[in-house]
Amino acid sequence: MTFRDIFKSGFLENMDSVGVPDMVLALLLAFGLGVFIFYIYKKTFAGVMYSSGFGVTLIALTMITTLVILAVTSNVVLSLGMVGALSIVRFRTAIKEPLDIAFLFWAIAAGIVLAAGLILLAVFGSVFIGIVLLLFANQKPYRNPYIVVVSCENHDREQQVTKLLKSRVERCVVKSKSVQKGAVELNLDIRMKDDNTDFINELAKMDGVSSAVLVSYNGEYMG
């Protein structure tokens, strides 16, 4: 068979098309896997702002990928045209969370494997990946991460502030220090023992301390 024979109508007539039951089954399974990926995404999300639209995108992406692969495997000419059409698609949306990239590739891979007919691999692989993400994605070395920003007058007040914090919290590490004439600003990473934040009030009432601010963050840093 030559390359010219591929585009003859006789060859196209002999191509096996995807049956309606196969299409329905593939799309239903893709929807189920997409919902499962969406559920894992909700359980493992640890960012600042949760986007429900991204979760719905994971479901749609799984189904769309399945639809595209079904079309590609059913018709050679259509697959060549679709490759050319998809090659001009460009995405400009910034991915803020690194783990979101893994979920996008997971949804695409699940759709491809499912449309290829490897249903057991798609289901087992998705369940295994989901379990791994549930076990490792939300693990933190410390609980209750906070940043304390304190402005004080001099080195003596700085020592008093540090001493008070170390006596009231589980962990206290200086992350940055800014010094000007008559002013010292400290940024300290702390791990609280409980939900009690009265020590910030004590810091603000200390002589020589102009301000004390407590800020929560996700605790992700090196060191």
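In this predicted model, K177 counts as partly exposed because its relative accessibility is 45%. K177 forms a salt bridge with E158, and the closest N and O atoms of the two are 3.0 Å apart. The pair links distant parts of the chain, with K177 in strand β2 and E158 in helix α8 (residues 155-168), 19 residues apart. E158 has a relative accessible area of 9%, so E158 is buried. In general, side chains of opposite charge can pair when their charged atoms come close.

The structure holds four salt bridges. Another of them joins the side chains of R168 and E202, at 2.7 Å from N to O. R168 lies in helix α8 and E202 in helix α9 (residues 198-205), so this pair ties together parts that are 34 residues apart in sequence. R168 is partly exposed, with a relative accessible area of 29%, and E202 is also partly exposed, at 35%.

A further salt bridge is formed by D189 and R171, whose closest N and O atoms are 3.4 Å apart. Because D189 lies in strand β3 and R171 in strand β2, the pair ties together parts that are 18 residues apart in sequence. D189 has a relative accessible area of 0% and is therefore buried. Salt bridges with shared partners join R171, D189 and R191 into one network.

β2 and β3 form a hairpin with two residues between them, and G182 in the turn has a positive phi of about 75°. β3 (residues 183-191) is also joined to strand β1 (residues 145-152), in the antiparallel sense, by eight bridges. Here V150 stands opposite L186 in β3. In a regular strand the side chains alternate between the two faces of the sheet.

The next part to follow is helix α7 (residues 119-136), which supplies eleven residues, the largest share, of a nonpolar surface patch. The patch covers about 1100 Å², and its members include L25, I119, F124, V132 and F136. L135, another member of the patch, is placed in helix α7.

Helix α7 also holds S126 and G130. S126 counts as buried because its relative accessibility is 3%; G130, at 1%, counts as buried too. Leaving aside neighbours within four places in sequence, S126 is in contact with L33, F36, W106, A110 and L121. With residues up to four places away again not counted, G130 touches F36, I40 and W106. G130 and I37 are 93 residues apart in sequence, but their C-alpha atoms are 7.4 Å apart in space.

A polar atom of the T44 side chain lies 2.7 Å from the backbone oxygen of I40. T44 counts as buried because its relative accessibility is 2%.

The protein chain as a whole has nine helices and four strands. Read along the sequence, these follow the pattern α-α-α-α-α-α-α-β-α-β-β-α-β. Of the 223 residues, 29% are buried. The accessible surface comes to about 14500 Å², and 63% of this belongs to carbon and sulfur atoms. Among contacts between residues at least 6 apart in sequence, 73% join residues at least 24 apart.

Conventions:
Residues are numbered from 1 along each chain as its sequence is written. This is a predicted model: local features need pLDDT of at least 70, side-chain atom pairs count only at pLDDT 80 or more; totals for chains, interfaces and linings use all residues. Side-chain values use heavy atoms; hydrogens and water are left out. Buried means under 20% relative accessible area, exposed over 50%, partly exposed in between (1.4 Å probe, protein chains only). A polar contact is a pair of N or O atoms within 3.5 Å; within protein, one must be able to donate a hydrogen and the other to accept it, and residues adjacent in sequence count only if both atoms are side-chain atoms. Patches are made of residues with over 30% relative accessible area and no salt bridge: like charges are joined within 9 Å, nonpolar side chains (Val, Leu, Ile, Met, Phe, Trp, Tyr) within 5 Å. Accessible areas come from the Shrake-Rupley method with a 1.4 Å probe; for residues, only the protein chains shown count as cover. Two strands pair if DSSP finds at least two bridges between them. Contact means heavy atoms within 4.5 Å.
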